[in-house]
Amino acid sequence: MLDPTSVAAISAVLGAVGSGMANEAGKWAWESTGGVVRRIVGREVPAPVAPDERDDVARMVHDRIRTDPQLAASWTAFATRLRRDPAPVRAARSNLPASIRFFTDRKEAMKQLQREASRRADGRPRLALVHGPDGMGSSTLAVHFGAQPTRLFPDGQIYADLGGRGAGGARDVGTVLRALLRQLRVPDEEMPTGTDELGEFFRHRAADLRLLIVLDHAYSASQVRPFLTSAPGVFTILVARAPFPGIDAVRVPVGPLSDRDAVRLLTDITDKSTVAAARATLPSLLQRCGGSPYALRAAAYQLSAPTLPPRRAEADGDPVRGAAEDNYRLLAPESARLYRLMALRDWPAFDAATAARTTGQDPDATAELLEDLADRMLLERGSGSGRYHYRHAVRAHAEAAAIRDDGIAACSAALARTLSAYADLAASAAHQALPESWRVPAPAEDRAGQTYADRGAALDALLAESGNLVEAVRCAEESGDPDTAVRLCRALWPLQLKAGHHEMLLPALRIGTRLVDTHRPTSPDAGALHAQLAHSLTELKRWQEAGAEARAAAGAEEAAGHKRGHASAVEFLGLLRLRQWRYQEAYDCYEEAGAILGTMGGQDEGTRDVPRADALLERHRGRALRGLGRREEARQKLETALSYFRSSGDTYNTARTLTDLAETWLDEGDTEAALPLVEAAITTLDGQRATYHLAHLRSMQERCVAP
């Protein structure tokens with residue numbers, strides 16, 4: 001058994017607590033750990049981020065407790081209180097996209113995958129790289145293999161699209177890891193916050209599973225390496241257009257179908273009589289399709305209704321783009337225009353409402369047109385109901401057609417309409433998701449948009465559009481429209497505060513802060529966006545960057561004369577310092593924020609919020625004093641905050657402050673004083689969706705009543 005006072009054991013405790021800050025209970029544990037480390041070492045110790053920093057702190061603690069039995073007992077008791085049994089791993093259902101009905105040829109490729117999946121474990125990762133040009137069926141092969149009845153993967157089959165059309169279009173590592181963990185039924189609140197810790201956590205969760213992982217649209221070794229594991233029961237299939245260096249994987253090439261297999265596929269899709277009746281046009285069709293299963297499927301219906309004149313395959317032509325051109329020439333004008341204009345940006349998953357705003361058509365009619373485009377394989381259906389996206393080569397064809405047939409001016413106008421649609425949707429949903437937040441500007445009355453049933457529905461709408469909103473911010477910057485980009489970024493705040501997704505939102509927030517610094521550096525928008533960026537950087541444990549952004553937010557708010565925003569930015573810097581175990585600096589920030597609030601008068605925006613803001617600062621002061629070991633003063637501050645929250649009916653902050661008070665008594669081992677506070681917090685949260693806070697409180701309750 002590992003000695004709990006060894007450097008390795010102490011470092012393990014620090015690592016476990018540091019990786020658990022995705023929920024309120026985890027943040028409490030981290031703050032508590034900082035206070036304990038400070039008391040043991042006898043001075044302020046900066047919170048560790050990297051593994052080597054964690055080991056350094058562990059050695060400091062070890063050096064003090066190895067010669068002091070009382071300190072050793074104190075650390076052991078603290079570490080024991082923090083120990084949590086890992087959540088049971090539950091089998092994942094299949095999360096692969098739907099396979100196809102008619103799967104032709106590929107027998108040798110399937111055998112290669114089967115051999116790699118079932119070979120004897122020898123310490124090497126089970127890894128295959130399936131590669132082939134767009135439309136040749138490489139993704140279909142991987143999905144079809146995973147869909148076969150097998151006993152190899154009883155713990156599930158999980159899937160992620162890496163978006164790998166080069167570094168610019170790739171999804172970030174953290175977002176993909178979280179998507180994979182959700183498929184393993186891990187709640188967001190149990191996932192680590194930092195990307196490196198997230199990768200370690202994912203590999204740990206998969207270590208004992210018999211699992212298939214399909215990573216689609218990969219493009220480089222560095223992109224896929226964070227997802228790879230040597231776990232003996234895990235088989236990972238990478239899907240790429242071409243093989244790439246740096247990965248030791250079984251290579252499974254996917255090339256064109258032979259004419260014989262192509263005819264068999266056409267026969268399966270249609271019937272023998274249709275193929276026989278098309279003998280005259282069949283050779284040219286096979287030539288145009290170039291053995292591409294996608295092109296063959298897209299062209300199959302032309303066999304029974306050949307309305308196009310024969311077209312020869314162009315030299316070195318892309319069969320996918322050729323098939324798109326064939327089908328495009330058959331579209332009615334309104335369908336063709338919709339097909340062209342929605343391709344001007346690579347929207348991850350657009351719906352009929354946005355498409356209708358882009359084209360100026362009726363939403364119901366647009367929904368029917370989108371379905372028809374998907375039936376013709378000019379659009380791909382997304383995972384969400386009524387959502388669509390383009391295959392890469394098809395979008396390239398549609399975009400080129402838009403520039404050719406509509407012209408630059410019409411394309412720019414259509415793109416502006418799309419941006420306006422997303423900005424209006426985001427502003428309306430964000431305000432309804434957080435109606436009381438001064439950080440979310442209310443939309444203009446004539447742009448209020450849809451009314452949602454409740455806050456949760458509004459937040460769900462933002463979540464559904466999150467990928468499109470990030471792309472819209474990029475588009476607005478490239479289109480020279482900083483106002484729309486800033487408006488979109490301000491609407492991301494509910495997603496940051498309530499849903500996380502920090503890795504995905506980070507590029508948009510960086511664009512937003514860059515634009516406000518250029519176009520309106522002393523505006524409230526500048527302060528708000530720097531604060532939003534600081535928040536996400538803090539949650540991702542990029543604390544140095546977060547500190548710089550928080551200071552920039554405070555400077556911009558002060559320059560704009562926005563006192564409420566200025567105080568909030570300084571308060572946020574204090575919260576960051578708490579996270580860094582810099583308790584005195586945190587306390588000083590809260591004092592500074594309180595002084596700013598004290599200068600506010602009736603003419604200042606947000607004056608009505610000052611009493612609540614003062615109470616929050618008082619609670620934060622108590623937390624900082626607890627970290628400094630000044631527990632009696634901490635309790636006085638917390639009691640003051642508690643009185644306000646109770647009188648104002650703020651049950652959420654009442655429960656949080658009761659928990660803080662209980663923690664100060666447990667620091668002294670006084671379970672008799674802590675227990676009624678814990679029980680009051682549990683009662684306060686009864687019936688509310690506070691799963692992790694309640695779990696933390698019940699753990700505290702057990703500590704209080706244990707003999």
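1. Strand β4 (residues 234-240) is mostly covered, with seven of its seven residues buried; buried here means under 20% relative accessible area with a 1.4 Å probe and protein chains only. Please keep in mind that this is a predicted model, where local features need pLDDT of at least 70, side-chain atom pairs count only at pLDDT 80 or more, and totals for chains, interfaces and linings use all residues. Residues are numbered from 1 along each chain as its sequence is written, and side-chain values use heavy atoms, leaving out hydrogens and water.

2. Side chains in a regular strand alternate between the two faces of the sheet. In β4, Val234, Thr236, Leu238 and Ala240 point one way, Phe235, Ile237 and Val239 point the other way, and all are buried.

3. β4 has two parallel partners to look at. Strand β1 (residues 126-131) is joined to β4 by six bridges and runs parallel to it, with Arg126 opposite Phe235. Strand β3 (residues 211-218) is likewise parallel to β4 and joined by six bridges, with Leu211 opposite Val234. Strands pair if DSSP finds at least two bridges between them; strands are DSSP runs of E with at least two residues, and helices are runs of H or I with at least four, numbered from the N terminus.

4. Now to the helices: α16 (residues 352-359) and α17 (residues 363-375) pack at about 110 degrees, their axes 8 Å apart. They are therefore roughly perpendicular (65 to 115 degrees). Axes are lines fitted to C-alpha atoms over the stretch in contact, and angles run from 0 to 180 degrees between N-to-C directions.

Note on methods. Angles under 35 degrees count as roughly parallel, over 145 as roughly antiparallel, 65 to 115 as roughly perpendicular and the rest as oblique. Buried means under 20% relative accessible area, exposed over 50%, partly exposed in between (1.4 Å probe, protein chains only).
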